[in-house]
Amino acid sequence: SLSPTIGSPVSNIIACGTDDKTIRLCDMVTGSHVQVLSGHTGGVYTTAWSPINEYHLASGGADRSIRLWDVRRSGTTACFAQLDQHNSKRWRRGADSVSA
């Protein structure tokens, strides 16, 4: 899936969900990927940028989870929330996890 940003400081960035369980943030100007977000345990089917915060991205995948990302962070630390079939909400702050 592809999800472009519009009218934000990262407006030249597209989020690409992949079958290799990652999200690649690609720069439309240079054609290169600038960041990889990992955390899904299956392919990533969809991505969507927040209409409220230009640095927040949502993704959904084959692992039946929805993850919320802050793209100012990298790798697995970028995921700040996860919703799945077992946990209606799990928020992460750094290395800490809190389930609700």
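Author: A polar contact is a pair of N or O atoms within 3.5 Å; within protein, one must be able to donate a hydrogen and the other to accept it, and residues adjacent in sequence count only if both atoms are side-chain atoms. The model is predicted, so local features need pLDDT of at least 70 and side-chain atom pairs pLDDT 80 or more, while totals for chains, interfaces and linings use all residues. Residues are numbered from 1 along each chain as its sequence is written, and side-chain values use heavy atoms, without hydrogens and water.

Reader: What makes the pair Ser65 and His40 a polar contact?

Author: Their side chains are joined at 3.4 Å, and the limit is 3.5 Å. The side chain of Ser65 also makes a polar contact with that of Arg67, at 3.5 Å.

Reader: Why is Ser65 called buried?

Author: Buried means under 20% relative accessible area, exposed over 50%, partly exposed in between (1.4 Å probe, protein chains only). Ser65 has 3% relative accessibility, so Ser65 counts as buried.

Reader: Why is Ala58 called partly exposed?

Author: Ala58 has a relative accessible area of 25%, and therefore falls in the partly exposed class. Ala58 lies in strand 6, a strand being a DSSP run (E, at least two residues), numbered from the N terminus.

Reader: Which residues does Ala58 contact, leaving aside neighbours within four places in sequence?

Author: Contact means heavy atoms within 4.5 Å. On that basis Ala58 is in contact with Thr46, Thr47, Ala48, Arg67 and Leu68. The C-alpha atoms of Ala58 and Thr46 are separated by 8.2 Å.

Definitions and conventions
Helices (H or I, at least four residues) and strands (E, at least two) are DSSP runs, numbered from the N terminus.
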